[in-house]
Amino acid sequence: MRRTHGYALTASLALALAAVPLAAPASAAPAPAVTATTTAGPDVEALRAALAGLPDDTATAAQVRVGGDGSWHGVAGVRDLRSGAPALKNARFRAGSTTKLVTAAVALNLAAEGRISLDGTVQEYLPGLLTDDFEPITVRQLLNFTSNLQPGASLGDSVEAGYEHRFETLTPAEVVAASVAKGPDPSYGPGERQRYGNIHYTVLGLLIEKVTGDSFAHQAQVRVFRPLGMRHSSFPQGGDPRIHGPHNRGYDWIGGELTDVTEWNMTDRFAAGDMISTTADLERLLVGLFSGRAVPEPQLREMFTVPDVPGATMGAGLERFELNGRVIWGKTGSRPGYHTVVAATRDLSRTVVYSVNSTDAKGEGLPIVQRFAFPAFNR
């Protein structure tokens, strides 16, 4: 049973607990891990409480960065369980599906340049990719998750299943080929329903490469990372399973044991979820997107336009929700050992970015969001 391993966690954390007191997560010497640039702004007490007690049963470390009208930065937990060293406050991490914001920005930039049309089709830009069974699927439908593509191939439907394959390579082309082999989703046509999934953005990444004659990673670098000053963001090369640069290690429960899952080949996630970044860089991404520096108008409106189909909540990469009377736009991301959120009000009066080294990052994400993101919007 997944939640019967409390004693195993206690044993795994024994060294860490000796090195880092659980009751002092965010202000330990020698350097303060929490900074507040103003007394106004977010609910600092609630944010401190969210970090209190790390590492615990649900996470080994967390970095939280709040901006807008008043800012606050916090870090807690351990860099790794073996040494018990304090968690790094500028650590790199697997950003998961927040990658989709970068992919959407690249595609919308190409649309602004007239190199693609949002009403253009996959069949037009990637001839031969889809069979004749598919109706025309537009770039816009890929961006807002309303294509009727079915999920593609994977190396495991869970962390446990994928772990033994973590150093294998599954290419984006193979992922898409498996989706195409299933045929279109028979329950709805393109543009009729919003169904979130990586496959839309995997195809979008292939489309970007075909149109530009360049790698997706390089297009992300020159169109998003460099212009926004995201100096610590990158995509692994050639199936490299490592996170290069300073990082907090990620752990997950596998076979009842807390297992290090930091090294993992994420090639199959590609333009849907393979980015490595930092909280500072993702804050730059949020501000750059929302302020119109990363994507020009009118293309920027696509990110904040939810399609008129039943139950839809997402525009081009961003999801809309309401909290404490505020409309918030954001995106979550999860990879084994790492759970990420970026979110902001449309006017940037409040932003939040966090990376949590969750021990169940691919499980139910709402409790993590409620603990680490919601306090940023308390007031």
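**Reading a cavity, a core and a serine**

Guide: Welcome! The largest cavity here has a volume of about 30 Å³. This is a predicted model, where local features need pLDDT of at least 70 and side-chain atom pairs count only at pLDDT 80 or more, while totals for chains, interfaces and linings use all residues. Residues are numbered from 1 along each chain as its sequence is written, and side-chain values use heavy atoms, with hydrogens and water left out.

Visitor: How many cavities of 30 Å³ or more does the search find?

Guide: A cavity is a set of points, on a 1 Å grid over the protein atoms alone, where a 1.4 Å probe fits but cannot get out. Points are joined across faces, edges and corners, and the volume is the space filled by probe spheres set on them. Searching the whole structure gives one cavity of 30 Å³ or more.

Visitor: Which residues line the largest cavity?

Guide: Lining residues have an atom within 4 Å of a point. Here they are Arg 140, Leu 143, Asn 144, Glu 302, Thr 305, Gly 315 and Ala 316. Sorted by class, that makes two nonpolar, three polar and two charged residues, with Gly counted as polar.

Visitor: How many residues are in the largest nonpolar core?

Guide: Such a core is a set of buried Ala, Val, Leu, Ile, Met, Phe, Trp, Tyr and Cys residues joined through side-chain atoms within 4.5 Å. The largest has 67 residues, and Leu 143, Val 224, Leu 285, Leu 289, Phe 290 and Met 303 have the most contacts inside it. Helix H4, residues 99-112, gives the most to this core, with nine residues. Apart from it lies another core of 23 residues, including Leu 54 and Ile 328.

Visitor: What is Leu 289 in contact with, beyond its neighbours within four places in sequence?

Guide: Contact means heavy atoms within 4.5 Å. The partners of Leu 289 are Leu 101, Ala 105, Ala 294, Val 295, Leu 300 and Met 303.

Visitor: Is Ser 349 buried or exposed?

Guide: Buried means under 20% relative accessible area, exposed over 50%, and partly exposed in between (1.4 Å probe, protein chains only). At 18%, Ser 349 is buried. In the chain of 379 residues, 56% count as buried.

Visitor: Where does Ser 349 lie?

Guide: In the loop between strand E10 (338-345) and strand E11 (350-358). Ser 349 is 280 residues from Asp 69 in sequence, but 5.3 Å from Asp 69 in space, C-alpha to C-alpha. Beyond its neighbours within four places in sequence, Ser 349 is in contact with Gly 67, Gly 68 and Asp 69.

Key. On a 1 Å grid over the protein atoms alone, a cavity is a set of points where a 1.4 Å probe fits but cannot get out, and a pocket is an open set with protein on both sides within 12 Å along at least five of seven lines; lining residues have an atom within 4 Å of a point. Helices (H or I, at least four residues) and strands (E, at least two) are DSSP runs, numbered from the N terminus.
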